[in-house]
Amino acid sequence: MSVESWSSFHNPYNETEVKKYAPTSGGVYTLWVNFKSGNWKCYYVGKADNLEQRLLDHHGDSEPNECIKANNGYKRGFSWIPITTQEERSGAEKYLYDKMHPECNQKDPGGSPRPIPMPPQPAPTDPAS
């Protein structure tokens, strides 16, 4: 599997940022929420054939996952890693799920994990901002 590097961390997670930075190609992505302490935690990992569209879907009002929706009122960010094939994306998603235990993933994605580099932990932010 040929794996590229993780994207920069993008904050805020909103339509403008997604359309400006997220590619329309496939990959695996992480959604992050900022705590009052200023620290970030990954609350969801997923895979997509079109990263831009999938990130926009999660951000919208029609998001069916109530846990993701509940985080929409907080300071959030996102990152992704391009991965070409569906099989590789599925394995990478499983690997991140097993390693990161994101609270909003409602079920184990299943399959065989394929190790990829872990996403960089976003730098803490000033809780007052």
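**Cores, pocket and selected residues**

The model is predicted, so local features need pLDDT of at least 70 and side-chain atom pairs count only at pLDDT 80 or more, whereas totals for chains, interfaces and linings use all residues. Residues are numbered from 1 along each chain as its sequence is written, and side-chain values use heavy atoms, with hydrogens and water left out.

Y29 is also one of the residues, with L31, Y43 and L55, that touch the most other members of the largest nonpolar core, which has 16 residues. A nonpolar core is a set of buried Ala, Val, Leu, Ile, Met, Phe, Trp, Tyr and Cys residues joined through side-chain atoms within 4.5 Å; buried means under 20% relative accessible area, exposed over 50%, and partly exposed in between, with a 1.4 Å probe and protein chains only. Two or more residues of this core come from each of strand 1 (27-34), strand 2, helix 2 and strand 3 (76-82). Helices (H or I, at least four residues) and strands (E, at least two) are DSSP runs, numbered from the N terminus. Another core, of 14 residues, lies apart from the largest one and has W32, C42, I81 and I83 among its members. In soluble globular proteins, nonpolar side chains tend to be buried together.

The largest pocket holds about 240 Å³ of space. Of the 16 residues that line this pocket, Y44, R54, E93, N105 and K107 are the closest to its centre. A pocket is an open set of points on a 1 Å grid over the protein atoms alone, where a 1.4 Å probe fits, with protein on both sides within 12 Å along at least five of seven lines; lining residues have an atom within 4 Å of a point. The volume is the space filled by probe spheres set on the points, which are joined across faces, edges and corners. Strand 2 (40-48) and helix 2 (51-59) each supply at least two lining residues, and strand 2 gives the largest share, 3 residues. By class, the lining has 5 nonpolar, 5 polar and 6 charged residues. Here Ala, Val, Leu, Ile, Met, Phe, Trp, Tyr, Cys and Pro count as nonpolar, Asp, Glu, Lys and Arg as charged, and the others, Gly among them, as polar.

Helix 4 (residues 86-100) contains K94. Is K94 buried or exposed? K94 counts as buried because its relative accessibility is 10%. The side chains of K94 and D98 are joined by a polar contact of 2.9 Å; such a contact is a pair of N or O atoms within 3.5 Å, and within protein one must be able to donate a hydrogen and the other to accept it, with residues adjacent in sequence counted only if both atoms are side-chain atoms. Beyond its neighbours within four places in sequence, K94 is in contact with D108, P109, G110, G111, S112 and P113.

Y95 also lies in helix 4 and is buried, with a relative accessible area of 16%. Its contacts outside four places in sequence are P113, R114, P115, I116 and M118.

Note on methods. Contact = heavy atoms within 4.5 Å.
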